Amino acid sequence: MMGRFALAAALVLLVTGCASRAAYHRMRADVETVRGDMTELRHTQETTARELARATTESRALAARVAEMSVALEDGTVEVARLRARVEAAEAQARAAEARAQAAATPPPVPAAATASPRRAERPREPAPRVEHVERAYHAALTTFRAREHGQAVLDFLDFIAKYPKHPLAANAQYWIGEAYYVQRDYRQALAEFQKVLEVAPASPKAADALLKIGLAHRKLRDVRRARQSWQRVVRDFPKSEAAVKARLLLR
């Protein structure tokens, strides 16, 4: 009887020991699984960090490229404006030459004093300014602007407008005053000067150019809404102008 009891006790201890070893092995397997998961998670985090750093670098490079393109666009705008001024100067010279040729071909009128009875001499009228003199004054101021003497150029253009306020080149002179302030980065004063172009000659080609630069000045002042409004006005009011082509690109 005692032998059977001892045998039963031995069997119980054996079964209990086997169960403990099985639980230990399962726990150890679970720990290894957790370690593997942690290692994989760490690798994933490192990969994500590298990709994020690469994306940040690419984003900064793209922002720098966009800034370079913006500067190039503005430089191109200034260069186009300079070329246009040269074309306008050539056209003005051609018109002046044509006017001189017509004046030379037309015979002078016979003065009334030659056929009428002598009267008291009347005070002669003040002669109108010669065309070449007016254009010479405008081109002298423009030459000063191109020499980057912007302060003196502003004074010369102001003097031109004061002397010849009704001349077709008065709007051009006012535009270059605004351009002089713009290239000096005085964008608020440039806005005021470009606005005067619209007041002096609202239907002239320079009005379209002035509106385009008004939008660029607003963008420099971080007022994107007003910049877009100016460019939309260029497209609406001067759809066939070169300024409208540039405005459409800026609006995109």
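In which hand of crossing, left-handed or right-handed, does helix 3 pass helix 4?

A: The model under discussion is a predicted one. In it, helix 3 passes helix 4 in a left-handed crossing.

Helix 3 covers residues 150-163 and helix 4 covers residues 170-183. Their axes lie 9 Å apart and form an angle of about 160°. Angles over 145 degrees count as roughly antiparallel, and helix 3 and helix 4 are therefore roughly antiparallel to each other.

The residues that form the contact may be considered next. Helix 3 contributes His-150, Val-154, Phe-157, Leu-158, Phe-160 and Ile-161. From helix 4, the residues that meet them are Ala-170, Ala-173, Gln-174, Trp-176, Ile-177, Ala-180, Tyr-181 and Val-183. Sorted by class, the contact of helix 3 with helix 4 comprises 12 nonpolar residues and two polar ones, with no charged residues.

Gln-174 lies in helix 4. Its relative accessible area is 6%; because buried means under 20%, Gln-174 is classed as buried. When neighbours within four places in sequence are left aside, Gln-174 is in contact with Ile-161, Glu-193, Lys-196 and Val-197.

Gln-229 lies in helix 7, which spans residues 224-237. With a relative accessibility of 42%, Gln-229 counts as partly exposed, whereas Gln-174 is buried. The C-alpha atom of Gln-229 is separated by 7.6 Å from that of Gly-215, a residue 14 positions away along the chain.

The secondary structure consists of eight helices and zero strands; read from the N terminus, the elements run α-α-α-α-α-α-α-α. The chain has 252 residues, of which 28% count as buried. Among the contacts with a separation of 6 or more, 52% are between residues 24 or more positions apart. The accessible surface of the chain comes to about 18100 Å², and 59% of that surface belongs to carbon and sulfur atoms.

Methods: Residues are numbered from 1 along each chain as its sequence is written. This is a predicted model: local features need pLDDT of at least 70, side-chain atom pairs count only at pLDDT 80 or more; totals for chains, interfaces and linings use all residues. Side-chain values use heavy atoms; hydrogens and water are left out. Axes are lines fitted to C-alpha atoms, for helices over the stretch in contact, and angles run from 0 to 180 degrees between N-to-C directions. Helices (H or I, at least four residues) and strands (E, at least two) are DSSP runs, numbered from the N terminus. Angles under 35 degrees count as roughly parallel, over 145 as roughly antiparallel, 65 to 115 as roughly perpendicular and the rest as oblique. A crossing is left-handed if the near helix is turned anticlockwise from the far one by less than a right angle, and right-handed if clockwise. Contact means heavy atoms within 4.5 Å. Ala, Val, Leu, Ile, Met, Phe, Trp, Tyr, Cys and Pro count as nonpolar, Asp, Glu, Lys and Arg as charged, and the others, Gly among them, as polar. Buried means under 20% relative accessible area, exposed over 50%, partly exposed in between (1.4 Å probe, protein chains only). Accessible areas come from the Shrake-Rupley method with a 1.4 Å probe; for residues, only the protein chains shown count as cover.
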